[in-house]
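Please look over the structure shown here before reading the briefing that follows.

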Amino acid sequence: MTDGTATDGKRTIDPELLEILVCPISRGPLVHDIEAQELISETAGLAYPIRNGIPVMLVEEARRL
């Protein structure tokens, strides 16, 4: 859908934004986990939350994998 909401009601991240965002620790790419509403940095082993459609890229807010 164009409004950033998937058919199941979960929010999606704009693909262009996902290309720009990187992990603040590793500077590596992020993977969008739609179900968990997180951006995953496999390199750093961290999951950054997405709240109200906005990625929270603070290390203090990240969950360790």
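How many helices and strands are there in the protein? There are one helix and five strands, where helices (H or I, at least four residues) and strands (E, at least two) are DSSP runs numbered from the N terminus. This is a predicted model, in which local features need pLDDT of at least 70 and side-chain atom pairs count only at pLDDT 80 or more, while totals for chains, interfaces and linings use all residues. Residues are numbered from 1 along each chain as its sequence is written, and side-chain values use heavy atoms, with hydrogens and water left out.

**Overall layout**
- Along the sequence, the elements of the protein follow the pattern α-β-β-β-β-β.
- Of the 65 residues in the protein, 31% are buried, a term that means under 20% relative accessible area with a 1.4 Å probe, protein chains only.

- Leaving aside neighbours within four places in sequence, L46 is in contact (heavy atoms within 4.5 Å) with residues including L39, A62 and S41.

**Residue S41**
- S41 belongs to strand β2 (residues 38-41), and S41 is buried, with a relative accessible area of 0%.
- Not counting residues up to four places away in sequence, S41 touches C23, S26, P29, L30, L46, Y48 and L65.
- A polar atom of the S41 side chain lies 3.2 Å from the backbone nitrogen of A44.

Note on methods:
Buried < 20%, exposed > 50% of the residue type's maximum accessible area, 1.4 Å probe, protein only. Polar contact = N/O pair within 3.5 Å; in protein donor to acceptor, adjacent residues only side chain to side chain.
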